[in-house]
Amino acid sequence: MAAQVTTNQSIINDDSGSLTTDSEFQTNVNSKKRLSSSSNILPTSSILSPTGLTSLISFIVLTCAYISGFMSRLFSVIRFESIIHEFDPWFNYRSTAYMTENGFYNFLNWFDELAWYPLGRIVGGTIYPGLMVTSGVIHWFLHMINIPIHIREICVFLAPFFSGLTALATYLLTKELWSRRAGLFAAAFIAIAPGYSSRSVAGSYDNEGIAIFALMFTYFLWIRSVKTGSVFWSCCTALSYFYMVSAWGGYVFIINLIPVHVFILLVLRRYSLRLYVSYSIFYILGLILSMQIPFVGFQPVRTSEHMLAAGVFALLQAYAFIDYLYTKLPRADDLKQLFFGLMIFIGLSVFAVVVILTYAGYIAPWSGRFYSLWDTNYAKIHIPIIASVSEHQPTTWTSFFFDLHLLICLFPVGAWFCIKELNDERVFIVLYAVFASYFAGVMIRLMLTLTPCVCVLAAIALSKTLDYYADTETSDMSTSPVVPSNDNDENENETEKNNRNLYDKAGKPKPIPGRRGPTNTNQDTDDDTSIVSSNIKTVVVICIAMMLMLLAVHCTWVTSNAYSSPSIVLASYNNDGSRYIIDDFREAYYWLRKNTPERARVMSWWDYGYQIAGMGNRTVLVDNNTWNNSHIALVGKAMSSNESEAYKIMTMLDVDYVLVIFGGMIGYSGDDINKFLWMVRIAEGEHPKDIREQDYFTENGEFRVDRSGSPILLNCLMYKLCYYRFGELQTDFRSPPGFDRTRHVEIGNKNFDLQHVEEAYTTEHWIVRIYKVKKLANRLQAKNALRQVQRRKSIYSTSKKTSGQARKQGVILNKPQVKKGTKVLTRKT
Amino acid sequence: MKYFVYLFFICACITLNVLSEEDVLSDKIQQLTQWSLKKPIIRLNNEHFKHYVKASSRNYSMFIMFTALSPQRQCSICKQAYDEFQIVAQSYRYSNAFSNSVFFGMVDFDDGSDAFQYLKLNTAPVFIYFPPKMKPKKSDYMDLSRSGFSAEQIIKWIHDRADVEIQIYRPPNYSGFLLVILMITMILGLLYVKRDSFKFLFNHIVWGIFIILAILFCISGQIWNSIRGPPFTHRNPQTGQSGLFSGTSGYQFIAETYIVFLLYFGVSIGVILLNEAPKLKSQTGKRNSFVAAVGIVVVVILFSYLLSIFRSKYQGYPYSFLIK
């Protein structure tokens, strides 16, 4: 609640700020047109010069955008606590903590033995360290000025902090592209847009949180350097690009979009020396810098993803040379067609060289993840592990609307305006719009890269519209001296009303019609130039204000309801509205941490790997860094085979504990049974002989856990671990015992015993169940005792004569020992 | 002595029998190999089916498609299934795995209705695997309803059943290639004809419309459609009513995305009208005002309609604007 109030307050400030900015800027514009009238319009501004006031107001608006961006992401901290969310953030947090304890160089050389048992993982060479370094630097700085803050707090609040910075970067970019007013709108939009806050709420400590800032800032610097052609700005671009490379794998988007921009500018004959300078310097510096990241290494010169940049670089050099010749040669105009042909020839040959190098094997072809963006069915067929992740699914129109609301409607209009008044830098934003909207359509996760672009273009569309419609000066000049005093009253009224109704951002320009409506009515009758009547103007502004208001409300609602759940701590609400916290995950991980041997190895599905390592501090077999598909498939196979088969795999992998997530007790839908088919699919991909997806369906092709379910499913390890002793439990007096509340069926296989594993721990709501894998069992005594006697004789009677011990050992008959005995025997003879 | 004669006689009988059986088998295999070399899918009629497939003495296995290809049967998917099956058989025929122990056959309903009766089939197409020496079990029927009949799935099934690895080879589809060539030549031709004035290429309006349509195409979920292939509209099997919109936010129909496409387009037009209104030339301001009013009405109505559709799809969404 506290957060909400603060948010409102800040946004309200924001309103009044931008409102005044609008009118202020118009003042500027008009003052240029009619110098005489400028003094009339703003009598109160005599203290401050108009430009000074404009920048003050911009400053206030940006501060408010920053604060509202920060505040609107704090829902989860206020509702729960300052906690790291979900899965990947736990790994990031763990490695950040490692870095602050052991120093940067030890971090780069860190071999993590808690993951991927028995393989381990070289962390320094397989991550983008930008995130850890950023929070490490902040931590170091705060400690230097004697603020003893725990690294976890920094990790939790890093993403909101950076989303404020993103708002500033977006402002700068939009200002370069269009105008300062559009920039203020864009900053306000990006601060609250759910498409971005989905990945940057407090506690979601992930690469994307800082990467979007780096992305927007790089683009701003790039536009700046194209505009100015200065070496300084392009060096800055390269540095910012370096930061982006260190932070997120999405840097590939930058290194492809900027070359496309350059290429299109060449095609549009917008080549200039500015372009040449900025791209050449950016490419060379950016190339060298990006290769300093261990994870990236030589990829920028060896993979197809980066070849577009290299090809365009070569092309640009050729173009510059030909352009130079063209200016120097006498009668060059006659050779125009020759130059043109030459250029096309060079372009084609550069392309051919890249293709030949790819075929020759010098350049790696597109990686599967990248390729699946173009061929949308690729991942489904070839890489089930990518297809299994929900954020790699394509996007429905509902998701677009959910994440962007009004902005997505204004988005195409902004693109239209940019195309109509095209210049070098607007080509860029249009290209960005086209590519980002395609990628966002293919993969829901890439909505994140689309959101800033949508905010920029929607802000452009809106500010262009309001430039005219919120403009008072064209219709009434005589009444304007009255306006300021009026304005203040109205403004205050509005603010109060906002506070009462909790209407965020209550119509940025809404107060304008309020004050203008009555003053204009006597004016617009004798208004005979070709302009829109001020009544209509008022209506337009009110309508837009209401829609903006709705946008703000929508954004807050979405961020609060959909994106602020930590997913480690669950909350359920009773009928009377009281809240009930379900904290099973942490309970289980804490149990693991305290009650198992330090070197214990825990097998679970890969989703929980990072959490077990981060919170439980135990070794896991597979985790969310899904680099080794066959290892994951092995775990999947163990989960989907029957108990004795699974036991073979588990002993092979040295598993001590098995952990499963089970939601049937309280109706938690994200549990392992619901993910189970993916385990089967991934296992089938590697072991098609042993695991068949078809076996897990009923005759009618349904996936059921009740009595009609397929017997193979009802006897596999995952089923048994989830439902062990569940049949004895009556969750509700109306339902039979063993009623699964997630799938709403009574389970099919109830009273069974576990042979090779034993229950170790089950949390309060049964969400996490941990089983201990038994050591190899004693052999069952064979029915014909004769055989035992024979074996005992054959082994021990010759080598050892101690009969009493031998008999005991003979009864146990441990197989490896027996073999060892024979080997020794043969060696002796 | 007598017994010896008997014994000899019996032995001779057995060997002869065995010999003749082997002869018959090798004859069959020879015949089948010959056929399949000629045509990858062997067309079987009633007698052939009885002789080569139904007979229990077999040491080769067969994959047989039961289908109804003649046009009066009006089985449209039979033709597609046949094409896919043909691709598989063709790839097998020219692959290294080709041997005389696995054959591909096909029984058309009009040639071999007895075979259909014998297997109690009343649907087509059906793919059945006939393992050597045995009758097909339930698991030897390919499950078309789940896996579909694409060549990849058929190959997977074959690999499953008979352990034959086939590398698929699809004959390249030249029609798309030709279309592209045709397009390029047309464009080049157009450019050549219009070579004096390239202005239309630099026309912002044309490019603008093109780009906006591309953006709208993406944001209205058409990519989702092309990946997931939803039906055009929803038809309720009980009431027969058809609904344009799906009730959940995770699913959509094609018709629905078209509507959304148009709504976005309408809103865009509305905003553009708003911006064009002051620039129109007119004597009084009335025309401008009218255009602006139309613009804002279009924007507001369409946006609130969009919001109400969204609200109906997203359960528990609290806000609406003008239209519930």
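Which side chains meet in a salt bridge? In this predicted model, the partners are B:Glu276 and A:Lys420. The legends below present this pair and its surroundings.

**Figure 1. Salt bridge between B:Glu276 and A:Lys420.** The side chains of these two residues meet with a distance of 3.1 Å from N to O. One salt bridge is found across the interface of chain B and chain A. Residue pairs in polar contact between the two chains number seven, counted where both residues have pLDDT 80 or more.

**Figure 2. Helices of chain B on the side that touches chain A.** At least two residues each come from helix 6 (151-162), helix 8 (204-219), helix 9 (222-228), helix 10 (254-276) and helix 11 (286-313). Helix 11 gives the most, with 13 residues. Sorted by class, this side of chain B has 36 nonpolar, 17 polar and 11 charged residues.

**Figure 3. The interface of chain B and chain A.** In chain B, 64 residues are in contact with 62 residues of chain A. Interface size is often expressed as the accessible area lost when the parts come together. Between chain B and chain A the buried area is about 5500 Å², and carbon and sulfur atoms give 72% of this area.

**Figure 4. Transmembrane regions of chain B according to UniProt.** The unreviewed UniProt entry places the feature "transmembrane region" at residues 174-193, 205-224, 258-277 and 289-310. Residues 174-193 of chain B are 100% helix and 0% strand, with end C-alpha atoms 28 Å apart. Residues 258-277 of chain B are 95% helix and 0% strand, and their end C-alpha atoms lie 28 Å apart.

Methods: Residues numbered from 1 in each chain as written. Chains lettered and ligands numbered in written order. Predicted model: local features only at pLDDT ≥ 70, side-chain atom pairs only at ≥ 80, totals over all residues. Heavy atoms only, no water. UniProt positions renumbered as here; feature names shortened; annotations may be inferred. Helix = DSSP H or I, 4+ residues; strand = E, 2+ residues; numbered from the N terminus. Contact = heavy atoms within 4.5 Å. Buried area = accessible area lost by both parts, 1.4 Å probe. Salt bridge = Lys/Arg side-chain N within 4 Å of Asp/Glu carboxyl O. Polar contact = N/O pair within 3.5 Å; in protein donor to acceptor, adjacent residues only side chain to side chain. Nonpolar A, V, L, I, M, F, W, Y, C, P; charged D, E, K, R; others polar.
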